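Please open the model in your viewer and keep the selection tool at hand.

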Amino acid sequence: MARKHMILAVVLGILGMATLAHAGTIVAVNTNSVACTATNGGTGAGLCSAYAPTAVTFNNQALANYPGVASYTENGFTFTAGGGDGFAIVNGEGPGYNKEPGYGTSANDTTNYISTPIPGGTTNQGLSSYTINLGMNAYYFGFYWSTIDTYNTITFNFADKTSVSYSGLDFINQFGGTAGSTSSFVNFFFDSAVTSVTMSSNDTYALEADNFAAQTPEPTSMLLLGTGLLGFAGTRKWWKRG
Ligand SMILES: [Ca+2]
């Protein structure tokens, strides 16, 4: 069973007036962020959420390069390794071609971050992934994403047991960036509660992320509104049960 699901990308931060139009709508914003501070994401962590406190920094954790870790919990967020090599907690550029968010820019993240697959792990292992249980019904989710890549995929799992996946290319197309060269703090707003998010990347190359934030209260008719919304359709599927 599947039904059409809309994702809307806001190219510019928008103040507005309208309300969310469709159940299950996702709005992605890649322009709004703040510089991280010592108390919000950590000094030198690059960009943090402009909408919610940073909940996951990995900053006080031992690095976990090959063979990575199976599970990690910080501030109520639980990360569980999925297929392939799973994930590792790393710093800087690693042997698995991973690059920290903000690589090569003034917003370079010099702190620990998460990478899937794990640097130095198996090559050509196929799809590596991890799932973040948010520990809440989230109407907002954001993180600092390094070099948004075509082989990255994000799957949003809704409380109603549906899910929807988007590739890095989907976001690149909406944000107008260039694959493999654009780091962004990305913000996602939902009008239907999301309980977990699965991050995956294909083959040797990585999906790198840091400074996760989420929020339960539906952010007031937010930004969603107004003009400048670009939409495209995805297919929202029911989770397999049993
Ligand atoms: Ca960090």
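**A guided tour of the predicted model**

Begin with the hairpin that β11 and β12 form with three residues between them; in its turn, lysine 161 has a positive phi of about 70°. Strands here are DSSP runs of E of at least two residues, and helices are runs of H or I of at least four, both numbered from the N terminus. The model is a predicted one, in which local features need pLDDT of at least 70 and side-chain atom pairs count only at pLDDT 80 or more, while totals for chains, interfaces and linings use all residues. Residues are numbered from 1 along each chain as its sequence is written.

Next, select residues 152–158 (β11) and 162–167 (β12), which pair in the antiparallel sense over five bridges; pairing requires that DSSP find at least two bridges between two strands. Within this pair, phenylalanine 156 has valine 164 of β12 as its bridge partner.

Now display the whole protein chain, which contains one helix and 15 strands. Of its 242 residues, 48% are buried, a residue being buried if 20 or more other C-beta atoms, placed from the backbone, lie within 10 Å of its own, exposed if 12 or fewer do, and partly exposed in between.

Then select Tyr140, Ala209 and Ala214, which touch the most other members of the largest nonpolar core, a set of 56 residues. Strand β10, residues 127–145, gives the most to this core, with ten residues. Such a core consists of buried Ala, Val, Leu, Ile, Met, Phe, Trp, Tyr and Cys residues joined through C-beta atoms within 7 Å.

Move on to valine 69 in strand β5, residues 64–69. Is this residue buried, exposed or partly exposed? Valine 69 counts as partly exposed because it has 19 C-beta neighbours inside 10 Å. Leaving aside residues up to four places away in sequence, valine 69 touches Ala64, Phe87, Ala88 and Ile89; contact means C-beta atoms, placed from the backbone, within 7 Å.

Finally, colour the chain by pLDDT, the predictor's confidence in each residue from 0 to 100. The average for the protein chain is 79, and 74% of the residues score at least 70. Where pLDDT is low, the predicted coordinates should not be read in detail.

Definitions and conventions
Contact = placed C-beta atoms within 7 Å.
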